[in-house]
Amino acid sequence: MKLSFSSTSEWSEARSLATSLARYGERDVLRAFIDHGTSDDSAEVANLNYWAYWLGLDRCPRADDSFMAAASSQCWDAGGLLRALATRLSPGLACIELNVHTVWAMLAAHPRLTAADPRLSADLANRVGVLLDDGGTSSRARRELEQLHYGLRMA
């Protein structure tokens, strides 16, 4: 399935549709979104900005979705976002693969975050280990979990 987006609002709508369908057991659309909707740096930035906004961590007022794709629009604390995302690394969640990918992207963008918070690092390592043992994710999510596991051990 190929997804394309001509605007941030289309990206946001596709993300919302993919996560909604995943909650009803249709995970292929979510996997396609991860493959195509987070395939470059601006899409990764949009995903992190979306999460920060959706979780109430974005301190800036927003009139529309256009801010999501702009790296310069970041008005959120990276450590706070990572702590909030860590709580979403639990087996059985419908959107676990997007959650894993987002934590993976977050730590790729901010690799020193776990060194700054040893408790968060330990919590993440535990959650990643549980997900690796569970085996209920796609091969892509498993690769990202293995990379997280290795990175957390090195930190």
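Helices (H or I, at least four residues) are DSSP runs, numbered from the N terminus. Ala-115 sits in one of them, helix 6 (residues 113-116). This is a predicted model: local features need pLDDT of at least 70, side-chain atom pairs count only at pLDDT 80 or more, and totals for chains, interfaces and linings use all residues. Residues are numbered from 1 along each chain as its sequence is written, and side-chain values use heavy atoms, with hydrogens and water left out.

**Ala-115**
- Ala-115 counts as exposed because its relative accessibility is 56%; exposed means over 50% relative accessible area, buried under 20%, and partly exposed in between (1.4 Å probe, protein chains only).

**Nonpolar cores**
- A nonpolar core is a set of buried Ala, Val, Leu, Ile, Met, Phe, Trp, Tyr and Cys residues joined through side-chain atoms within 4.5 Å.
- The largest one has 25 residues. Leu-81, Leu-82, Leu-89, Val-103, Met-106 and Leu-124 have the most contacts inside it.
- At least two residues of this core come from each of helix 3 (41-54), helix 4 (78-86), helix 5 (96-109), helix 7 (118-134) and helix 8 (139-154).
- A second, separate core has 16 residues, among them Ala-22, Phe-33, Ala-46 and Phe-67.
- Neighbours within four places in sequence aside, Leu-81 is in contact (heavy atoms within 4.5 Å) with Leu-48, Trp-51, Ala-52, Leu-55, Leu-57, Trp-76 and Met-106.

- Side chains of opposite charge can pair when their charged atoms come close.
- The structure holds 9 salt bridges, each a side-chain nitrogen of Lys or Arg within 4 Å of a carboxyl oxygen of Asp or Glu.
- Arg-140 pairs with Asp-35 at 2.6 Å, N to O. This pair links distant parts of the chain, 105 residues apart: Arg-140 is in helix 8, Asp-35 in helix 2 (residues 27-37).
- Arg-140 is partly exposed at 24% relative accessible area. Asp-35 is also partly exposed, at 39%.
- Arg-140 has a salt bridge with Glu-144 too, with the closest N and O atoms 3.3 Å apart. Both lie in helix 8, 4 residues apart, about one turn of the helix.
- Glu-144 is buried, at 5% relative accessible area.

**Other salt bridges**
- Arg-142 and Glu-146 form a salt bridge, their closest N and O atoms 3.5 Å apart. About one helical turn separates them, because they are 4 residues apart in helix 8.
- Arg-142 is partly exposed at 34% relative accessibility, and Glu-146 is partly exposed at 39%.
- Asp-28, Arg-31 and Glu-97 form one network, joined by salt bridges that share partners.
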